[in-house]
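I set out to look through this structure and to keep a record of each item as I looked it up.

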Amino acid sequence: MTKILFRGFLLCLPMLAAPQATAPSPGGYVGSNACKTCHADVWANFYKNPHFKSIASGTEAPEKTGCESCHGPAKAHLEAGGGKATIRAFSEMQPVQVLNGCLACHEKQIGRAQIRRSSHTQADVACNSCHSVHRPNSTKTLLAKKQTELCYGCHNSVRSQFAMPHKHRVNEGSMQCVDCHNPHGSPSPTWRVGLRPRMVETTRDGEEPCLRCHTDKRGPFAFEHAALRVDGCGSCHSPHGSMNPRMLKRPVVFTVCLECHNGATSFGKSGAGIPTQSSSHNMNDPRYRNCTTCHVRIHGSNSDPQFLR
Ligand code: HEC
Ligand code: HEC
Ligand code: HEC
Ligand code: HEC
Ligand code: HEC
Ligand code: HEC
Ligand code: HEC
Ligand code: HEC
Ligand code: HEC
Ligand code: HEC
């Protein structure tokens, strides 16, 4: 309701570059220039920040402009000569307060639609655990560190997975964690049948990120290998890295296949069991152990139900 009043007032506000101090506006907003004397370092670097746009444009309401868009009205802070108690100090906030503060403006983007239920939020990892507004590694994404180092900082075991002999080249810089993950929460509510979403960046109809790059595995195939459709790429591959040159979960291929193709009656069509290998397959014969020398179209085939060609 007072928005029009704010806007009208803003027109008379001097630009940041102007040296003179600004008069307090209704609601206790004082404008960003007032911070310059005491927080010189933060103030001096702020022009590089994407949030500086609100100052540069000069068209936003005071509660959406500059320093006070995040730290709140600073009149009391100024009158007290500073202090953490008189202003929205992030160092004093609970993770959920940080989250709400940032989401006041950043809630709309689709990429963060699931942020409130993401594993990070549930584990109290809030925006400022990853982003640094004033001391970022890059002014574009405002990350506190280079992305891989940032993530490894809390996920140390993943570092060793990307150091395996065969891996996606994340450490080498040709790929990033966010090529497969959305640290703000996966768009789909589950990952695999009923599991937590692992913050995997699926499309909204649940397609795995793998297919964006490995498009030839998408199909559709006349004869699908049910393992891909139902359990996805991860039923045979380790997405980060592995001892196997094709990044399979097990060092040799047949051990992967036999995990399912063992005749156990809990899987497969109507729970009737996934077919074991045919009786022609002699596992004592080394020739038969390398399943994919014959079942060459293991991801699906357009001409053979047993993926032989
Ligand atoms: C008269 C000097 C002065 C001015 C002007 C001033 N501050 Fe402060 N500010 C301080 C002092 C002193 C502290 C307390 C620092 C501490 O305890 O570590 C403080 C603390 C803060 C904190 C909390 C820091 C933390 O550790 O979380 C924020 C945020 C802050 N100021 C923002 C602002 C903003 C925004 C403005 C301009 C609208 C502003 N200040 C203007 C002196 C000032
Ligand atoms: C987009 C939100 C946002 C804006 C805009 C913003 N800050 Fe901050 N500020 C933060 C957050 C979050 C922190 C906590 C530390 C961090 O993550 O970098 C912080 C920390 C601070 C601190 C504590 C000490 C420090 O250096 O970290 C001061 C002082 C401060 N801000 C002043 C300002 C001033 C002055 C401006 C305007 C020039 C400003 N802030 C604009 C979000 C913001
Ligand atoms: C008053 C609204 C507002 C608040 C509050 C706010 N932001 Fe922003 N933020 C913006 C705007 C506007 C941009 C610039 C978007 C653009 O460049 O088009 C931006 C840009 C960013 C960017 C750079 C990426 C991009 O989309 O350009 C990051 C990262 C970011 N904000 C994080 C945060 C975090 C973390 C907080 C909480 C500490 C926060 N923001 C609070 C409005 C806000
Ligand atoms: C676990 C770490 C992490 C947390 C927590 C996190 N982010 Fe991010 N955020 C990232 C990374 C990594 C990127 C960079 C994505 C890229 O490079 O494309 C990013 C990108 C962004 C961007 C710019 C690109 C986009 O998606 O629009 C904005 C804006 C942003 N984050 C806001 C937020 C806000 C607001 C919060 C809290 C509500 C938050 N982030 C919490 C890691 C995080
Ligand atoms: C090629 C795609 C891809 C890349 C790149 C990738 N991940 Fe993953 N990650 C996945 C998939 C898929 C899963 C889910 C595995 C599963 O089904 O449990 C996963 C799982 C995880 C898990 C959960 C592990 C668990 O067992 O709970 C963490 C943590 C993780 N990734 C962190 C990272 C980090 C950090 C990076 C960057 C250094 C990264 N990932 C890069 C695809 C990827
Ligand atoms: C401040 C610490 C911290 C940072 C930084 C961080 N994470 Fe996490 N991450 C966690 C915690 C805590 C959990 C939840 C506990 C768990 O499941 O291990 C988690 C969970 C995950 C999961 C598993 C989700 C699930 O549902 O099982 C993935 C994937 C993940 N993080 C990826 C990333 C990526 C990618 C980055 C970098 C952009 C990142 N994390 C940065 C702390 C962090
Ligand atoms: C951003 C693109 C991208 C995404 C997303 C991606 N990959 Fe990859 N993948 C690559 C590239 C590039 C290589 C080549 C290996 C290298 O970097 O040397 C590769 C290699 C592989 C290999 C080994 C292939 C070989 O030549 O031996 C497998 C298996 C694989 N990816 C599976 C996956 C799975 C499973 C996922 C999803 C969890 C995935 N990829 C997601 C780009 C991607
Ligand atoms: C049923 C097990 C299984 C599933 C599920 C599976 N793969 Fe594979 N994949 C394999 C095997 C076995 C190989 C090695 C083939 C060989 O030795 O020639 C392989 C090889 C690959 C390769 C490297 C060679 C090539 O054909 O390009 C890529 C890339 C790959 N898979 C990606 C994927 C992606 C993406 C998915 C999910 C859509 C997926 N795989 C699902 C078993 C599987
Ligand atoms: C995650 C479980 C899983 C894994 C691992 C797996 N499969 Fe399968 N496979 C299936 C299911 C389910 C079917 C469909 C069975 C049906 O239609 O009853 C199938 C079907 C097949 C068929 C066609 C069978 C027929 O009835 O014509 C062949 C051949 C096959 N798989 C070979 C392999 C090979 C070779 C591997 C190892 C590279 C492998 N599979 C790994 C689950 C798996
Ligand atoms: C030397 C080539 C060759 C190798 C190696 C091979 N297969 Fe086969 N496989 C075939 C042929 C040919 C058929 C179809 C004719 C038949 O049933 O014998 C078949 C059929 C199958 C079927 C369907 C059986 C059914 O009853 O419908 C499955 C499942 C299968 N193979 C799995 C495997 C697995 C798992 C491996 C590795 C342990 C493997 N195959 C290795 C040639 C091979």
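My entries on this structure follow.

**Conventions**

I am working with a predicted model, in which local features need pLDDT of at least 70, side-chain atom pairs count only at pLDDT 80 or more, and totals for chains, interfaces and linings use all residues. I number residues from 1 along each chain as its sequence is written, with chains lettered from A and ligands numbered from 1 in the order in which they are written.

**Confidence**

I looked up pLDDT, the predictor's confidence in each residue on a scale from 0 to 100. The protein chain averages 85, and 83% of the residues score at least 70. Over residues 1-23 I found pLDDT under 50, and there the model has 25 contacts beyond four places in sequence.

**The chain as a whole**

The protein chain has 14 helices and two strands. I then checked burial: a residue is buried if 20 or more other C-beta atoms lie within 10 Å of its own, exposed if 12 or fewer, and partly exposed in between, the C-beta atoms being placed from the backbone. Of the 309 residues in the protein chain, 18% are buried. Among contacts between residues at least 6 apart in sequence, 43% join residues at least 24 apart.

**Ligand 2**

For each ligand I listed the residues near it, that is, those whose C-beta atom, placed from the backbone, lies within 6 Å of the molecule. Ligand 2 has 18 residues around it, and Cys35, Phe46, Cys67, Cys70 and Phe90 come nearest. Helix H2 (40-45) and helix H4 (67-71) are the elements that give two or more residues to this shell. H4 supplies the largest share, four residues. For classes, I counted Ala, Val, Leu, Ile, Met, Phe, Trp, Tyr, Cys and Pro as nonpolar, Asp, Glu, Lys and Arg as charged, and the others, Gly among them, as polar. The shell around ligand 2 has eight nonpolar, nine polar and one charged residue. Domain 1 (3-88) and domain 2 (93-155) each give at least three residues to the shell around ligand 2; the domain bounds come from an automatic or database domain assignment.

**Ligand 6**

Around ligand 6 I found 19 residues, with Ser119, Ala123, Cys151, Cys154 and Cys177 nearest. The elements giving two or more residues are helix H7 (119-122), helix H8 (127-130) and helix H9 (147-154). H9 gives the most, five residues. By class, the shell around ligand 6 has 10 nonpolar, seven polar and two charged residues.

**Ligand 8**

Around ligand 8 there are 18 residues, the closest being Cys210, His214, Cys233, Cys236 and Arg246. Helix H11 (210-213) and helix H12 (226-231) are the elements that give two or more residues to this shell. I recorded nine nonpolar, seven polar and two charged residues for ligand 8.

**Nonpolar cores**

I took a nonpolar core to be a set of buried Ala, Val, Leu, Ile, Met, Phe, Trp, Tyr and Cys residues joined through C-beta atoms within 7 Å. The largest has seven residues: Tyr29, Val30, Ala34, Cys35, Cys67, Ala74 and Ile87. A second, separate core of six residues includes Val170, Cys177, Cys180 and Met199.

**Ala74**

Is Ala74 buried or exposed? Ala74 counts as buried because 22 C-beta neighbours lie inside 10 Å. I placed Ala74 in the loop between H4 and helix H5 (75-79). Not counting residues up to four places away in sequence, Ala74 touches Val30, Ala34, Glu68 and Ile87. Ala74 and Tyr29 are 45 residues apart in sequence, yet their C-alpha atoms are 5.9 Å apart.

**Backbone exceptions**

Most residues other than glycine have a negative phi, and most peptide bonds are trans. I noted a cis peptide bond between Gly219 and Pro220, with omega about 0°; Pro220 is in the loop between H11 and H12. Asp124, in the loop between H7 and H8, has a positive phi of about 65°. Asp124 counts as exposed, with 12 C-beta neighbours inside 10 Å. Leu142 has a positive phi near 55° and is found in the loop between H8 and H9. Leu142 is partly exposed, with 19 other C-beta atoms within 10 Å.

Methods: Contact = placed C-beta atoms within 7 Å.
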